[in-house]
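Subject: Structure for you to look through

Hello,

Please find the structure below, followed by some notes on what came out of it.

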Amino acid sequence: MKILLVAEYRDGKLLGTNSELINFATQGGGENCMFLVGSNSTLPNYTGKLYLADAGQAGEFNPSLHKQLLLNVIEKEQPQMVVLAHSSYGWDLAPRLALALKAAQISEVVEVKDGNLVVPSCNAKLRRQVKSTTDIAVVTLQGGAFTPAEEPSGAPEVIKVEVAAAGGDIQFAGYEEAEAGGVDLSKAEIIVSAGRGIGKPENLEVIENLAKALKGEYGASRPVVDAEWVDPSRQVGTTGQTVTPKLYVACGISGAIQHLAGMKKSEFVLAINTDKDAPIGEIADVLAVADLKQLVPILTEKLNAM
Amino acid sequence: MKILVCIKQVPDMESKFKVNAAGNWYDDTDLAWRMNEYDEYAVEQAVQLKQQVGEADLTVLCIGSDRVRETMKKALAMGCDRGAHIADDESYLKDSYAIASLIVSYAKDRGFDLIFTGMQSQDRGSGQVGVLVAEMLGIPSLTTLVEFNYADGTVTAKRELEGGIKAKVSCATPALVTCQLGLNTPRYPTLPNIMKAKKKELISTPAAELNPEASLLEVLQVAPPEKKGGGLVLEGDPADLADQLIKILKEKTTALA
Ligand SMILES: Cc1cc2nc3c(=O)[nH]c(=O)nc-3n(C[C@H](O)[C@H](O)[C@H](O)COP(=O)(O)OP(=O)(O)OC[C@H]3O[C@@H](n4cnc5c(N)ncnc54)[C@H](O)[C@@H]3O)c2cc1C
Ligand SMILES: Nc1ncnc2c1ncn2[C@@H]1O[C@H](COP(=O)(O)O)[C@@H](O)[C@H]1O
């Protein structure tokens, strides 16, 4: 099987997901090559052919143009699989490419089993093994599912991709950085996080009190932040902070992959959840099946009495 | 202005999922059904746009069995004008490509200026249908939006990227946008609006009449994830649980040191 990897570059830098793409391809054996809209001055560590289009000409975000450049490379290389990260760049570009190729798309692959790709469903409560019926398949990989043990090495053989005319139907007007300031959870040793399971903003106090009793900080999952119950700087996950505390207490958090991505390197995870099958149980050291509104105040009280 | 919003009915993710007899999806008995969370943001944004421009006709479309009509009524009560139900008892067997082709056969000659979809469905999570629809229709699509503005035939929006960074993008209509968490706060339908929604048009068309394309993906197996040893699961009375947890935290962590 021949695989074409689509690497990512943003704001002048290569993204970390590139090593996951390489690891995925290496595990599968077979031949692989890479495509990148980036810069000749920041090349990925990779042994193989790198088709490189200049981001200065093609733009960092210009999906219709990137699609066209990729189609040219695909025609030349004739891969059976095109692999992207399941990221804001990848999930945006992949379906465009799939349709142009009339290829099946397999999103968010977490595993290869018996030569078939496995994807999660229903907030990771189920897994589907799927197979493409087309000669070429477009695949996106779940972040973190194929992290290599060691960073890849080597220098690519660069093949320049000509960018004729820029154009495109979407105008990209630059990035807006995350707001600075707020709480830095990355250094916290103990974090107690509130999820949608707290039900209403008034219950946040229960979580804050437990955090205080444990002399830690409190954090939150995304919906709690979106509802404006908690400051965005306290959000844990792919679009929030990545934390590595000694103890992470997840209260009323289901354990969606985007949340796990931000906290799974915690040393010890305690989950409090009414749902025994909540996916957070997969990575929790202890799952206490309970209503947080009952358990958390009692736990806090007992800790304070110690 | 003509607006379309595509919604999917999905089970509550807190449900217990069992694999169906055919082994190709979950068993759909004993589940509580609701509107796909991302589609609630899509409906809300579509309704806000309709309110902004005044003269607009907003259609909500959903593919699925008759059961999905309940969820469509919620969208009507939130402010959509009419419902287009594409009746298909086997929609769960169709992949994103086939679902997108159905939406396109409905939308292609109807001249929608803006189409809203969720960024992904919670049960399948493929994140493909919206972009596929736009590509099939040959219109631009902006994905994973956390901010949406419309003026004079141009959509100006912010896409969410990883790590809290956003990308500022724009395109001309007709266009399609996919909606992400945090875009807005979906309204709760009020009782008078629920009553009004009952009188709104909600037409069912059999999927077969729209000549859907065949799926490109084959499902070989559906199964719960293998438990990786996993951690300890504790159940029982909260006070006992609290004692057990404190004991564990003392033994296994330095948190109480
Ligand atoms: C591109 C993208 C980026 C994202 N980035 C992030 C991110 O950075 N961070 C993030 O957190 N999410 C992120 N998300 C959202 C993520 O997919 C989930 O939607 C989110 O993490 C769910 O939050 P939750 O677990 O709090 O809520 P839910 O999934 O709704 O879970 C609530 C949980 O609470 C439990 N519960 C309910 N009542 C109680 C009770 N009384 N006591 C105890 N337990 C109870 C339920 O059983 C359930 O497990 C992102 C999504 C996308 C698509
Ligand atoms: N059966 C369906 N009926 C109508 N719209 C759908 C259906 N399935 C998916 N969609 C739309 O496509 C989006 C992305 O779905 P998916 O590609 O399955 O992740 C959803 O958020 C919906 O807006």
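Where in chain A is the place of A:N203? A:N203 sits in the loop between β14 (190-194) and α5 (204-213) of chain A, where helices (H or I, at least four residues) and strands (E, at least two) are DSSP runs, numbered from the N terminus.

Before going further, please keep in mind that this is a predicted model, in which local features need pLDDT of at least 70 and side-chain atom pairs count only at pLDDT 80 or more, while totals for chains, interfaces and linings use all residues. Residues are numbered from 1 along each chain as its sequence is written, chains are lettered from A and ligands numbered from 1 in the order in which they are written, and side-chain values use heavy atoms, with hydrogens and water left out.

To return to A:N203, this residue counts as buried at 12% relative accessibility; buried means under 20% relative accessible area, exposed over 50%, and partly exposed in between (1.4 Å probe, protein chains only). Apart from neighbours within four places in sequence, A:N203 is in contact (heavy atoms within 4.5 Å) with A:I198 and A:K293. A polar atom of the A:N203 side chain lies 2.6 Å from the backbone oxygen of A:I198.

Now to the interface between the chains. The size of an interface is often given as the accessible area lost when the parts come together. Here the area buried between chain B and chain A is about 7,000 Å², of which carbon and sulfur atoms give 58%; buried area is the accessible area (1.4 Å probe) that two parts lose on being put together, summed over both. B:E162, B:K168 and B:L216 supply 9% of the area that chain B buries against chain A, more than any other three residues. The contact takes 82 residues from chain B and 76 residues from chain A.

Across this interface there are 11 salt bridges, each being a side-chain nitrogen of Lys or Arg within 4 Å of a carboxyl oxygen of Asp or Glu. One salt bridge joins the side chains of B:R159 and A:D92 (3.7 Å, N to O).

A:R10, found in strand β2 (residues 9-10) of chain A, is also worth a look. A:R10 is buried, with a relative accessible area of 12%, and its side chain makes a polar contact of 2.6 Å with that of B:E162. A polar contact is a pair of N or O atoms within 3.5 Å; within protein, one must be able to donate a hydrogen and the other to accept it, and residues adjacent in sequence count only if both atoms are side-chain atoms.

Finally, there is helix α6 (residues 238-252) of chain B, which has 15 residues and reaches 20 Å from its first C-alpha to its last, close to the 21 Å expected at 1.5 Å a residue, the expected span being 1.5 Å times one less than the number of residues. The buried residues of α6(B) are B:P238, B:L241, B:A242, B:L245, B:I246, B:I248 and B:L249. They cover an arc of only 165° around the axis, which puts them on the same side of α6(B); the arc is that of the directions from the helix axis to the C-beta atoms. The face turned away from the buried side of α6(B) carries the exposed residues B:K247, B:K250 and B:E251.

Best wishes
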